[in-house]
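Dear colleague,

Please keep the structure open while you read.

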Amino acid sequence: PRQLPLASLFAALARVTTAGSAPPLPPTVARLAREVFERLPDAATVATAPGLRQALRDSGLFLETKLARPPLPTESPRAAPHNADTARDLKANLLRLIGALRDNAATSAPATRPTVPAAGASATPASAAAAAAASANAAAATRTPPPLSSLDPAAPLQRGQPPLPPLTVARVLQDQELAPTVRELQRQAEGALARVQLNQLSSLPQERQPGMEWLIELPVRREQDADVWNLRILRHAGHDGGRDGECAQGEDGSWSVMLAFDLPGIGPIQTRVNLRSDTITAQFFSRTTGTLALVQEHLPLLEARLRQAGLRIDELSCHHGQIQTAAAPQRTRLLDERA
């Protein structure tokens, strides 16, 4: 429930790493805050196939998979788990930053005396308060959440729905004139971590849903700024369903990728790319006429590069509007209560 758009954290990091903070950050926190930002992949890296592949692996979605693999022969079993494989992982770096922020809060919190209720005042035991809070959270979880706007840039990715152009760092910076406090930076970091965890849970294999689906928010560094790319990657299963949702070998399996981004000077765009065997289709959607004209102008260059990569073109087109959403989002099971 505490999840926040990644752009909120990157805007806060841009404030504290370029203009300094008020009050100044503790040295360890400041160093880790810079590392979270500086270890994001840059635009030149993700423009190559190996760089894009590594950036997706470092998006935080696959951290536990990295930690679960056996150490390589060149790695010391006593060393920290796979340092080279987690150094640029977004979730790992967020965990390091949040740990430093919580340690700082614990050491800087002033000591307080326990308050004694006045005579005749009722005191709620801690256990009763915890039970009441748990009951309230459970009641809130069972209620149907209010529907999000179909154009809300801060909305999280949803399984079965096309991604929306995300909230931009520039827009957050316009609303946040001052550098964040240490407490606010901790709130933003914990919100970003919860957002990554939400994408991880939503990307888990679902019963009675063949194929695989990954929801990824990929931050890309651009000098002292960052852009967030929302991705929904689908690996469709063949007629036999494959093993553990894996795609069947042959022409039955195909891939679909939906992108949503909002870049400076271009504006919000949604893209749908389908690959079946060696045939590809790509559709671009925008509500801005000028943006569509710019994309249309560059379609011949895209076609030439796709053919150079050995692909056959079925369709390259531009459309005014947005990708049509499903009537209802697919339900994602986050907890199986059966014993």
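Of the 339 residues of the protein chain, 40% count as buried, where buried means under 20% relative accessible area, exposed over 50% and partly exposed in between, with a 1.4 Å probe and protein chains only. Please bear in mind that this is a predicted model, in which local features need pLDDT of at least 70 and side-chain atom pairs count only at pLDDT 80 or more, while totals for chains, interfaces and linings use all residues. Residues are numbered from 1 along each chain as its sequence is written, and side-chain values use heavy atoms, with hydrogens and water left out.

The protein chain has eleven helices and six strands, which are DSSP runs numbered from the N terminus (helices H or I, at least four residues; strands E, at least two). Among its contacts with a separation of 6 or more, 66% come from residues 24 or more positions apart, a contact being heavy atoms within 4.5 Å.

At the N-terminal end, α7 is capped by Asp89, a side-chain oxygen of which lies 3.0 Å from the backbone nitrogen of Lys91. The buried residues of α7, including Leu94, Leu97 and Leu101, pack against α1, α2, α5, α6, α10 and β1.

Two packed helices are described by the angle between their axes and the distance between the axes. For α2 and α7, the angle is about 160° and the axes are 9 Å apart, the axes being lines fitted to C-alpha atoms over the stretch in contact, with angles that run from 0 to 180 degrees between N-to-C directions. The two helices α2 and α7 are therefore roughly antiparallel, the word used for angles over 145 degrees, whereas those under 35 are roughly parallel, 65 to 115 roughly perpendicular and the rest oblique. The contact involves, among others, Val29 and Leu32 of α2 and Asn93 and Ala100 of α7.

With α10, helix α7 packs at an angle of about 145°, their axes 9 Å apart. This contact includes Lys91 of α7 and Gln200 of α10. Is Gln200 buried or exposed? At 14% relative accessibility, Gln200 counts as buried, and Gln200 touches Gly60, Leu61, Glu64 and Lys91, not counting residues up to four places away in sequence.

Best wishes

Key:
Polar contact = N/O pair within 3.5 Å; in protein donor to acceptor, adjacent residues only side chain to side chain.
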